[in-house]
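Okay, thanks everyone, let's get going. I'd like to walk you through one structure today, going from the overall picture down to a few individual residues. Have a look at it first.

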Amino acid sequence: PYTPVKDFDPIALFPSGALLLAVNAKVPANNLRELIGFARSNPVAWGTYGAGSWAHMLGDVVNKSEKLSMALAHYRGEAPMLVDLIGGQIQAGVGSVQGIMPHIQKGTLRAIGATGKVRTPRLPDQTTLVEQGFTAPVFGMEGFLPFAAPAGTPRDILEKISSAVREASATPQLKALRDQFGIPNLPVTDPAEVRKTW
């Protein structure tokens, strides 16, 4: 019943960090190109945390651009998708750095690419899918969680909140939180930039 562009005034955009493309440790692929080669001669199911999600879009673009027919397996959230990825019921999956990292550390999963334009601080040696040569916009996308007020909120109030977001973002506590989630960049708080990105 609302139109985001007209009914809200954006204040800040909090980056949500990269998504990781991971494979079950038994899949012989160390990057997306190798997974594509594997999928040309083996059945591969690509797990997502939900139909219509960013993870779904990534799999769909790979299927279409590479003329593959990987099954896109849509789960109700990241946790059940990871259970099947670890168990080998699916061969590849896309999820958060926070969700996938413990399984990389245990050796049950292997990251083979990350979304976004810059590498995630949690896995600085992991190349992005863009670095691997995949140029469709979906590979370089960076997600944001918007912080907004109802349309018509007085400008001075929006500026005060935006200033508070900038101040809080510089604290050691929020830097530690960004590091934990593998988020390399600060929130966007400049009003013109927020509006343009929104």
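This is a predicted model: local features need pLDDT of at least 70, side-chain atom pairs count only at pLDDT 80 or more; totals for chains, interfaces and linings use all residues.

So, let me start with contacts. Taking contacts in the protein chain with a separation of 6 or more, 70% of them are between residues 24 or more positions apart.

We've got nine helices and seven strands in the protein chain. If you line things up along the principal axes, the C-alpha atoms fill a box of roughly 60 × 40 × 30 Å. The chain has 198 residues, and 42% of them count as buried. As for surface, the chain exposes about 10,400 Å², with carbon and sulfur atoms supplying 60% of that.

Which elements each supply at least two residues of the pocket lining? Those are β1, α5, which is 97-106, and α8, which is 172-181. The pocket lining divides into twelve nonpolar, six polar and one charged.

V97, G99, I100, M101 and H103 are the buried ones in α5. What do those buried residues pack against? It's β2 (19-24), α4 (78-87), β5 (92-96), β6 (109-114) and α8. Zoom in on H103, which lies in α5. Its relative accessibility is 16%, and the cut-off for buried is under 20%, so H103 counts as buried. Leaving out residues up to four places away in sequence, H103 touches L82, I86, T108 and L109. Just after α5, there's G107, with a positive phi of about 90°.

While we're on backbone angles, K67 also has a positive phi, near 55°, and K67 is a residue other than glycine. You'll find K67 in the loop between α3 and β4 (71-74). Buried or exposed? K67 is exposed, because its relative accessible area is 74%.

Next up, Y49. Y49 sits in the loop between β3 (45-48) and α3 (54-66). At 27% relative accessibility, Y49 counts as partly exposed. Ignoring residues up to four places away in sequence, Y49 touches L19, W54, A55, Y75, R76, G77, E78 and V94. If you want a distance to set the scale, Y49 and I104 are 55 residues apart in sequence and 18 Å apart in space, C-alpha to C-alpha.

On to aromatics. The count comes to three aromatic pairs. For F134 and F139, the ring centres are 5.5 Å apart and the planes are at 50°, so that pair is tilted. Where do those two stand on accessibility? F134 counts as buried at 5% relative accessibility, and F139 is buried too, with a relative accessible area of 3%.

Last stop, α9, which covers residues 191-197 and holds A192. A192 is exposed, with a relative accessible area of 55%. How far is A192 from P10 in space, C-alpha to C-alpha? The answer is 10.0 Å, although the two are 182 residues apart in sequence.

Note on methods
Residues are numbered from 1 along each chain as its sequence is written. Side-chain values use heavy atoms; hydrogens and water are left out. Helices (H or I, at least four residues) and strands (E, at least two) are DSSP runs, numbered from the N terminus. Ala, Val, Leu, Ile, Met, Phe, Trp, Tyr, Cys and Pro count as nonpolar, Asp, Glu, Lys and Arg as charged, and the others, Gly among them, as polar. Buried means under 20% relative accessible area, exposed over 50%, partly exposed in between (1.4 Å probe, protein chains only). Contact means heavy atoms within 4.5 Å. Accessible areas come from the Shrake-Rupley method with a 1.4 Å probe; for residues, only the protein chains shown count as cover. Rings of Phe, Tyr and Trp (its six-membered ring) pair if their centres lie within 6.5 Å; planes under 30 degrees apart count as stacked, over 60 as edge-to-face and the rest as tilted.
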